[in-house]
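The exercises below are meant to be worked through with the model open beside the text. Try each task before reading its solution.

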Amino acid sequence: MPTSAPNAAHPPTAPRAGGSPLGDVTASDSSLRRFLHGLPGVDAVGLEARAAALGTRSIKTTAKAYALDLAISMVDLTTLEGADTPGKVRALGAKAVHPDPTDRTAPTTAAVCVYPDMVAAAKEAVAGSGVLVASVATAFPAGRAALGVKLADVRDAVAAGADEIDMVIDRGAFLAGRYLKVYEEIVAVKEASGAARLKVIFETGELSTYDNIRRASWLGMLAGADFIKTSTGKVGVNATPANTLLMLEAVRDFRAQTGVQVGVKPAGGIRTAKDALKFLVLVNETAGGDWLDNHWFRFGASSLLNDLLMQRQKLATGRYSGPDYVTVD
Amino acid sequence: MSDKPEKTGKTGKTAKAGKGERPGEPEGTAGAAPRLSVFKTYKLYVGGKFPRSESGRVYEVTDSQGTWLANAPLSSRKDARDAVVAARKAFGGWSGATAYNRGQVLYRVAEMLEGRREQFVREVAEAEGLSQAEAAAQVDAAVDRWVWYAGWTDKIAQVVGGANPVAGPYFNLSTPEPTGVVAVLAPQESSFLGLVSVIAPVIATGNTAVVIASERFPLPALSLGEVLATSDVPGGVVNILSGRTAEIAAPLAAHQDVNAIDLAGADEALAKELEIAAADNLKRVLRPQPVDDGGWSATPGTERLTAFLETKTVWHTTGALGASGSSY
């Protein structure tokens with residue numbers, strides 16, 4: 001069973017000594033490019049077919065009950081709107097702590113995810129519950145700001161008490177091939193985050209190709225990301241089974257090579273319990289059971305939680321539930 | 001969701017091709033090879049689309065002589081669940097449309113039906129074992145019934161709503177509001193006129209419907225879906241399922257997001273069972289009503305319209321009373 005205190009079994013990520021785990025690949029722009037372009041190309045057809053095939057697994061009865069609770073415990077309950085108010089963040093916090101007020105056996109979500117200026121309000125709302133507070137930072141969602149501004153954004157969020165920082169990479173620099181700039185930015189943000197775990201958002205919908213997603217994954221992990229995350233949820237294409245599968249392969253291979261485990265967070269566009277269960281199958285079949293824990297896998301979502309709760313009620317009562325029986329955010 | 005049943009293969013067409021020749025089909029002319037008939041794959045109508053059953057199952061539909069007519073989808077409870085989601089999604093737009101607009105849409109259904117009269121006459125005749133003339137009378141009555149209910153959409157509020165006299169300087173207005181998502185068990189014997197007589201009043205007032213077609217005669221209902229799809233009825237307002245009535249009705253009666261259920265097509269035992277399940281979230285329940293001697297041909301009253309309406313009463317201040325004792 002997933003526990004409600006996600007960090008209980010895991011010590012905070014130890015800072016990695018001696019820079020990059022793969023030696024000197026990050027020594028210069030050209031060595032980094034040589035390494036990233038030396039990664040094997042992605043078989044797009046095979047990748048999508050594999051993701052689709054794993055999506056056909058049938059998860060029923062007790063396995064489904066376990067998977068639904070696990071998925072609820074992995075949700076980063078997110079509100080990233082210009083119209084966010086402290087009241088809305090408090091309501092979200094209350095929901096994260098007690099997702100289903102009618103059934104106290106429902107696990108808490110992993111975290112709430114808000115903008116930096118809402119961190120204090122979120123922190124207060126989830127105080128004492130074990131639910132973490134994640135904050136987007138670094139000029140989210142576009143990431144188009146000077147490094148100094150981004151770092152100030154991060155320090156702000158950390159000072160307000162954020163347990164996790166969700167940063168965006170500079171897609172412009174990445175697509176222009178300036179990998180070392182992206183790398184150094186992540187390193188700088190990691191340093192500014194201090195004890196907070198760092199999630200690096202690639203915005204896969206803007207990276208155009210699967211090869212780029214694979215390169216970005218390795219780049220992020222080399223730079224010290226604790227989590228790699230698909231998207232901001234603010235562009236057309238967000239998390240898909242295929243791009244998440246690709247990132248899961250990357251974290252699996254990275255651990256095999258370096259011994260360092262990195263988490264994965266698909267975000268955006270996952271709205272139904274059925275989709276969430278498909279992602280859990282991907283995790284189990286690709287990265288393995290070690291990642292089936294909210295310390296290593298998260299869903300960035302808001303409406304997903306309601307569907308998970310409705311499915312949970314259906315399993316408990318045998319009747320189909322409806323949107324009248326879950327809270328409206 | 002919807003692509004899975006699409007791929008599950010040849011349900012209707014090839015499996016049974018050639019088993020029974022339809023009445024009235026032209027004979028092959030001497031010398032030339034006889035033309036192979038193109039069989040129609042009957043499909044469900046859910047959310048404005050035509051999916052096969054999620055379960056991939058079908059069942060055989062025969063005419064009154066026992067001759068095979070077609071394979072109809074045998075819906076599962078998951079099809080029912082999907083239909084409720086579609087109906088809920090459509091409810092906001094349809095209940096928010098003006099009564100006048102809903103009337104126009106219902107009239108449009110009658111217009112479209114008129115154009116496909118021959119098809120429905122054939123399907124009703126085959127299903128219920130009626131003569132051409134009897135079936136034609138049923139179809140004509142069904143078309144007229146759409147027009148009848150189209151006229152009621154913007155008049156029902158005057159009949160069941162109104163301004164209430166109150167002891168104070170207030171307007172007190174009662175207006176009818178649609179109940180929500182209504183599960184409809186279509187009559188088992190009257191495959192088309194009975195069907196229209198239970199669907200039209202539900203959607204005329206702004207409800208959305210999940211309809212379970214007659215178990216033995218589902219084909220006219222499934223064809224009605226094709227008419228609704230081409231007559232400005234927004235997708236999801238009417239969703240039509242075919243299959244075992246008891247199997248599909250049970251999850252609908254227990255479904256927490258269904259607001260009312262019309263038990264017209266349930267027998268005594270099933271109606272009782274469903275009514276008990278429906279009590280769980282206080283659904284409105286319309287018990288099976290006695291059918292007139294002509295089999296739904298009598299002009300209906302407003303009972304079916306008002307069965308799925310709620311009354312909303314609001315108070316408005318009238319402003320200061322003048323010297324005459326009234327400011328209006």
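**Exercise 1.** Which residues of the largest nonpolar core touch the most other members?

*Solution.* Begin by noting that this is a predicted model. The largest nonpolar core holds 98 residues, and those touching the most other members are A71(A), V75(A), V112(A), A122(A), V200(A), I228(A) and A276(A). Next, look for the element that gives the most to this core, which is helix α10 of chain A, residues 241-258, with eight residues. Then take A122(A) as an example: leaving aside residues up to four places away in sequence, A122(A) touches V89(A), G93(A), V112(A), V114(A) and V133(A). Finally, another core of 94 residues lies apart from this one, and its members include F120(B), A127(B), A221(B) and A254(B).

**Exercise 2.** Describe helix α10(A), from its span to its surroundings.

*Solution.* First compare lengths: α10(A) has 18 residues and reaches 25 Å from its first C-alpha to its last, which is close to the 26 Å expected at 1.5 Å a residue. Second, pick out buried residues, among them P241(A), L245(A), L248(A), V251(A) and F254(A). Third, ask what covers the buried residues of α10(A): the cover includes α2, α9, β6, β7 and α11 of chain A. Last, step just past the helix, where G259(A) takes a positive phi of about 80°.

**Exercise 3.** How many residues of chain B are in contact with chain A?

*Solution.* Counting on each side, seven residues of chain B are in contact with seven residues of chain A.

Conventions. Residues numbered from 1 in each chain as written. Chains lettered and ligands numbered in written order. Predicted model: local features only at pLDDT ≥ 70, side-chain atom pairs only at ≥ 80, totals over all residues. Core = buried A, V, L, I, M, F, W, Y, C linked by C-beta atoms within 7 Å. Buried ≥ 20, exposed ≤ 12 C-beta atoms within 10 Å, placed from the backbone. Helix = DSSP H or I, 4+ residues; strand = E, 2+ residues; numbered from the N terminus. Contact = placed C-beta atoms within 7 Å. Expected span 1.5 Å × (residues − 1).
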